There are 4 protein chains.
Amino acid sequence: MPRDPAEKQALIRRLHRIVGQLEGIERMIEEDRYCGDILNQTAAAQKALQSVGCLLLDSHMHSCVTTRIREGDDAVIDELSALMRKLK
Amino acid sequence: MPRDPAEKQALIRRLHRIVGQLEGIERMIEEDRYCGDILNQTAAAQKALQSVGCLLLDSHMHSCVTTRIREGDDAVIDELSALMRKLK
Amino acid sequence: MPRDPAEKQALIRRLHRIVGQLEGIERMIEEDRYCGDILNQTAAAQKALQSVGCLLLDSHMHSCVTTRIREGDDAVIDELSALMRKLK
Amino acid sequence: MPRDPAEKQALIRRLHRIVGQLEGIERMIEEDRYCGDILNQTAAAQKALQSVGCLLLDSHMHSCVTTRIREGDDAVIDELSALMRKLK
């Protein structure tokens, strides 16, 4: 199911920002920066990636899940349950 | 406190792999791939980033935290508590 | 939507077990047992309560959510999203 | 290491409140209350139990961990790492 272009770009911008955070963490490790500061940056990147997961899950539920349930395809519910247990 | 070079390289390889995962997720979004598959990849990247956090935290505790406690600097414990609440 | 009696009893047994775990933790605290052991019991109780949450969520999705989506009531999806962000 | 009595009572009061929450959830299940409401109560109990874990961990780090590190017993760090991976 094609995603709304604006939503697509927003997700991709978020991913780019997280890549930037990871590159920043890499530099801090290279420079032997204080672990506590590196860990704070890591927590921030984890939170950003968690948000991407939430946005993707919301979008999935409002589109594929809703459509497949209406088509009588309840298997999507078990799939959703499995996804939720994996996602942070 | 300078990190062991081998540990440093291992952390950086992990970060590079996560960047690769994020780039893969970006392509999947661009190609309007099925959300469930994108979410599975996102969960995998989250897990990989969680592991980086655990490794950094372990290393921090075995080095800075231990050293500062031995020097009588208990403030590191409150800092550690705050970090643990942020990390996934 | 009435829950299947067997499922109901299974959930209630799990809740009783968690209450038992919490009472055990209370005794350990009263007896000044080693913190590490108390923390391990706390982690076990957290995991048990997480499982109850997953079972309740699964059951909710297979019943209320599916039914309301088929009735055209998409608001249940936003409610589900909000619940998932709260649940551990 | 004996815990401060006031801290002990505070922890026990929290545990009693969580038992009360679980008993409330049991009643809601018995009465076939709406799943969404039951899940909200479950999330609240999870959060309360997570707080107990954080308090216990803080106390552990400020007492046993600090003492054992000063006595040169670094094994406590690996134990702490293992606990942190289990706790929610």
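This tour moves from one chain to two interfaces and then to a single residue.

The structure is a predicted model, in which local features need pLDDT of at least 70 and side-chain atom pairs count only at pLDDT 80 or more, while totals for chains, interfaces and linings use all residues. Residues are numbered from 1 along each chain as its sequence is written, chains are lettered from A and ligands numbered from 1 in the order in which they are written, and side-chain values use heavy atoms, with hydrogens and water left out.

**Stop 1**

Chain A contains three helices and zero strands, and its pattern along the sequence is α-α-α. Helices (H or I, at least four residues) and strands (E, at least two) are DSSP runs, numbered from the N terminus. Along the principal axes, the C-alpha atoms of chain A fill a box of roughly 55 × 30 × 15 Å. The radius of gyration of chain A is 17 Å, whereas a compact globule of 88 residues would have one near 12 Å. This radius is taken over C-alpha atoms, and the globule rule is 2.2 Å times the number of residues to the power 0.38. Of the 88 residues in chain A, 49% are buried; buried means under 20% relative accessible area, exposed over 50%, and partly exposed in between (1.4 Å probe, protein chains only).

**Stop 2: chain A with chain B**

The contact (heavy atoms within 4.5 Å) takes 42 residues from chain A and 42 residues from chain B. The size of an interface is often given as the accessible area lost when the parts come together. Here chain A and chain B bury about 4,100 Å² between them, with 68% of it on carbon and sulfur atoms. Buried area is the accessible area (1.4 Å probe) that two parts lose on being put together, summed over both. Select Leu39(A), Gln46(A) and Lys88(A): in chain A, these lose the most area to chain B, together 16% of what that side buries.

Two salt bridges are found across this interface, a salt bridge being a side-chain nitrogen of Lys or Arg within 4 Å of a carboxyl oxygen of Asp or Glu. Display Lys8(B) and Asp32(A), whose side chains form a salt bridge at 3.1 Å, N to O. On the side of chain A that touches chain B, the elements giving two or more residues are helix 1 (5-30), helix 2 (35-70) and helix 3 (75-86) of chain A. Helix 2 of chain A provides the largest share of that side, 19 residues.

**Stop 3: chain C with chain A**

Now show chain C beside chain A. In this pair, 17 residues of chain C are in contact with 17 residues of chain A. Chain C and chain A bury about 1,500 Å² between them, 59% of it on carbon and sulfur atoms. The count between these chains is four salt bridges. Select Arg70(C) and Asp74(A), which form a salt bridge with their closest N and O atoms 2.4 Å apart.

**Stop 4: Arg3(C)**

Finally, centre the view on Arg3(C), in the segment before helix 1 (5-30) of chain C. Is Arg3(C) buried or exposed? Arg3(C) counts as buried because its relative accessibility is 10%. Not counting residues up to four places away in sequence, Arg3(C) touches residues including Leu56(C), Ser59(C), Ile29(D) and Asp32(D).
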